[in-house]
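Look at the sequence and the fold, then read on.

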Amino acid sequence: MKKPQSTSLAHTFARALAACRQHMGGADGAARMAVALSGGIDSSALLYLAHEYAQRNDIALFAFHIHHGISANADAWLAHNERVCAQLEIGFAARRVTLEKKNKTGTEEAARKARYAALGDLCRVHRVTLLLTAHHQDDQAETVLLQLLRGSGMAGLSGMNVANAAPELLGSSELIMARPLLLASRLQLATYVAANDIAYVDDESNDDPRFARNVLRHQVMPALAHSFPGFQERFARSAQHAQSAQRLLIELATQDLAACLDGDSIDIGQLRLLSADRSYNLLRYWFAKRQLRMPSTAWLAEMLTQLLEARPDAQLLVTHPDCHARRHRDHLFLTPKLAELAGTRDDDELSFPGYERAGQSFVWRGEAQLAFPAYGGVLHFNVVENGVEAAWLRGQTLTIDFRKGGERLKLAANRPTRSLKYHYQACNVPAWERERLPTVCVAKELLFAAGIGMDCHHLSDGPAPCIRFLWQSQ
């Protein structure tokens, strides 16, 4: 095999990769690394550069190929990559993925997600901690321009980092994805491949004008290159400036979040002290930390307006694709979207004026717990010294249901009987949680209210075994 030629490209690759390995913990930070190998011109150049580097630095190198099955040539590409890796004595593994989205507009994004998920899984299987991709300077310019056309903020205009963890894509926070060719141009890679007679495959989808990136690559970028030679390098420099600005925004958001965070919620009183721009920055950072999709500026503006201007007693609810934004006692909560529970629905055929939902009757026969899927959880029966006598409880027909309104509960003999609403307020249970907390009755007498506790009227201190209920939502 002819030794690869291109001192400058190999030097660029080696410097970037060495910096990445040092960031991971020194020279031994990546004793096993892998190349994401499509077989195209870019990843083929990366494979040969990585092979030469791995041999010099005694690193175990793998090549991972993802077979999407979209192209009729996919089997031939897999065979080509396997053959090349066998010649270079590089460990090779492939993974076939099936795309769920069939419409053409969703194919590109679906393929991207499936590809990275499969690459992350292959890295875990082969104990690889560093994954190399062949993104280069032209890719960076395309990314920045594409994000600009989408109206993205600073995070989008930052483009791609030389190295980063992407657990939402790769499925692991331990895996680092590096782009050691980000400072090299597409022309440099093509020259390297031609000079070393490296075989590669040609993916016909790269010419498909239905994909936005291909429109940029084949129509917009050549026009820019004609009028503004070397624009790719300047775009890359702008991306580096944006990355610096984004890091400062993250530092500011970290400080603001520390000042505003109260448990799992945001103190709206503290949020009011911030400017609108800082509030937006903080909320975007909070969403990112919660691994929620980034909300649009319009959505954030609407939520912030409602947060700051709604009546103090208003039950604020703003819907996000991944969650609900709610306000409770001047705090902002992000709560998951929960499926409707069967126990909240009336039977339409039986409903009539004055009709009341009957709930679900059951008998306790000594079980440690009973599941009630219609009510979204499990009722535990804990043996205690002060509770309902177990022998008495076994003989009762119990009913679990959601509250209908007007229920009252007495927690202790020396405390007054209060409405469930009063108890929920005293226990600081938000309104949206109360709707999913069931009660347990015996002969229409309230025995237990989830989130509050047992009614004292049936409690006993006797020597006989006693039971207390505990509700666990699921």
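Which residue in S6 does Leu132 stand opposite? Leu132 stands opposite Ala178.

## About the model

This is a predicted model, in which local features need pLDDT of at least 70 and side-chain atom pairs count only at pLDDT 80 or more, while totals for chains, interfaces and linings use all residues. Residues are numbered from 1 along each chain as its sequence is written, and side-chain values use heavy atoms, with hydrogens and water left out.

## A sheet of six strands

Strands of a sheet pair through backbone hydrogen bonds, either parallel or antiparallel. Here, six strands form an open sheet with mixed pairing. Their order is S3-S2-S1-S4-S6-S5. Strand S3 (91-96) and strand S5 (163-165) are at the edges. Each has a single partner strand, so one side of each is left without a neighbour in the sheet. From one strand to the next, the twist averages 25°.

Strand S4 (residues 130-132) pairs with strand S6 (residues 176-178) in the parallel sense, over three bridges. Two strands count as paired if DSSP finds at least two bridges between them. Strands (E, at least two residues) and helices (H or I, at least four) are DSSP runs, numbered from the N terminus.

Helix H2 (residues 41-57) packs on this sheet. The helix touches strand S1 (32-36), strand S2 (60-67) and S4; contact means heavy atoms within 4.5 Å. The direction of H2 makes about 165° with that of S1. Axes are lines fitted to C-alpha atoms, for helices over the stretch in contact, and angles run from 0 to 180 degrees between N-to-C directions.

## Cysteines

How many disulfides does a search of the whole structure find? The search finds zero. A disulfide is a pair of cysteine sulfur atoms within 2.5 Å. For Cys20, the nearest cysteine sulfur is that of Cys123, 13 Å away. The sulfur of Cys323 is 18 Å from the closest one, in Cys260, too far for a bond.

Cys20 is buried, at 4% relative accessibility. Cys323 is buried too, at 2%. Buried means under 20% relative accessible area, exposed over 50%, and partly exposed in between (1.4 Å probe, protein chains only).

## A hairpin and its next partner

Side chains alternate along strand S13 (residues 369-372). Leu370 and Phe372 point to one face and are buried.

S13 and strand S14 (residues 377-384) form a hairpin with four residues between them. Their pairing is antiparallel, over four bridges. Gly376 in the turn has a positive phi of about 80°. In S14, Gly377 is the bridge partner of Phe372, and Leu379 is that of Leu370. S14 also pairs with strand S22 (residues 466-473), in the antiparallel sense over eight bridges.
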